[in-house]
Amino acid sequence: MTCFRNDILPLKNMLYRLALRITLNREEAEDIVQDTLIKVWNRRDTWHQIDSIEAYCTAVCRNLALDRMQRERRRDIVVSNDSCHTLQEQPDDNDGPLEKTSQRQNVEIVRRLVDSLPEKQRSCLQLRDFEGKTYKEIAAALAISEEQVKVNIFRARQTIKQQFKICDNYGL
């Protein structure tokens with residue numbers, strides 16, 4: 001039996017990171033997570049019919065985030081990339097100032113590159129590389145096939161790799 005406190009509430013951080021990756025706005029992501037939890041709670045009578053409550057929560061969160069982004073686009077509101085801080089820098093304590101600065105710059109470049117990916121690639125990459133989800137879980141959450149998940153992740157990684165090489169070579 002699914003319990004909100006034990007099964008759903010622990011998902012809130014993962015849901016927040018997913019919403020943040022889609023919206024690139026902390027406040028919007030927090031609102032989306034709250035709306036997701038409310039929507040899931042309101043469906044508590046049907047939890048026994050859901051195969052994976054985590055996949056269901058992820059799908060609800062993603063759909064709410066995408067709906068909100070579509071509304072924002074209709075209003076011609078520009079979302080700032082400055083509000084995305086999901087990648088955590090973990091510089092080695094033995095590194096000098098030059099190495100730490102270089103690491104921070106590389107993390108910022110990767111953030112910008114991930115943020116510039118198409119939404120589906122960004123979502124697949126977020127769930128796989130940052131959340132550690134399996135291809136099957138991602139496919140269920142995004143309502144696509146496992147093959148599509150693999151293709152999106154491959155393309156996202158290739159794009160990031162190629163763009164990072166360009167930035168690194170030119171020092172941008």
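## Packing of H6 and H7

H6 and H7 pack with their axes 10 Å apart, at an angle of about 140 degrees. H6 is therefore oblique to H7, since only angles over 145 degrees count as roughly antiparallel. The crossing of these two helices is right-handed. The model described here is a predicted one.

On the H6 side, the contact is made by Ser123, Cys124, Leu127 and Arg128. H7 contributes Tyr135, Ile138 and Leu142. Sorted by class, the contact of H6 with H7 has five nonpolar residues, one polar residue and one charged residue.

## The nonpolar cores

The largest nonpolar core has 32 residues. Those that touch the most other members are Ile8, Leu15, Ile53, Cys57, Cys124, Ile138 and Val149. Two or more residues of this core come from each of helix H2 (12-23), helix H3 (26-42), H4, helix H6 (119-130), helix H7 (135-142) and helix H8 (146-170). H4 gives the most, with nine residues. Another core, of eight residues, lies apart from the largest one. Leu113, Val114, Leu117 and Ile160 are among the members of that other core.

Leaving aside its neighbours within four places in sequence, Ile8 is in contact with Thr2, Cys3, Leu37, Val40, Trp47, Ile53 and Cys57. Of these contacts, Ile53 and Cys57 are also listed with Ile8 among the core residues that touch the most other members.

## Arg68 in H4

Helix H4 spans residues 53-74 and includes Arg68. Is Arg68 buried or exposed? Its relative accessible area is 15%, and the limit for buried is under 20%, so Arg68 is buried.

Which residues is Arg68 in contact with, leaving aside its neighbours within four places in sequence? They are Glu28, Asp31, Ile32 and Asp35.

## Two loop residues with positive phi

Leu24 is not a glycine, yet it has a positive phi of about 60 degrees. Leu24 is placed in the loop between H2 and H3. With a relative accessibility of 8%, Leu24 counts as buried.

Ala143 is not a glycine either, and its phi is also positive, at about 60 degrees. The loop that holds Ala143 runs between H7 and H8. Ala143 has a relative accessible area of 70% and is therefore exposed, as the limit for exposed is over 50%. Leu24, in contrast, is buried.

How values were computed:
Residues numbered from 1 in each chain as written. Predicted model: local features only at pLDDT ≥ 70, side-chain atom pairs only at ≥ 80, totals over all residues. Heavy atoms only, no water. Helix = DSSP H or I, 4+ residues; strand = E, 2+ residues; numbered from the N terminus. Buried < 20%, exposed > 50% of the residue type's maximum accessible area, 1.4 Å probe, protein only. Contact = heavy atoms within 4.5 Å. Core = buried A, V, L, I, M, F, W, Y, C linked by side-chain atoms within 4.5 Å. Axes fitted to C-alpha atoms, helices over the stretch in contact; angles between N-to-C directions. Parallel < 35°, antiparallel > 145°, perpendicular 65-115°, else oblique. Left-handed = near helix turned anticlockwise from the far one by under 90°. Nonpolar A, V, L, I, M, F, W, Y, C, P; charged D, E, K, R; others polar.
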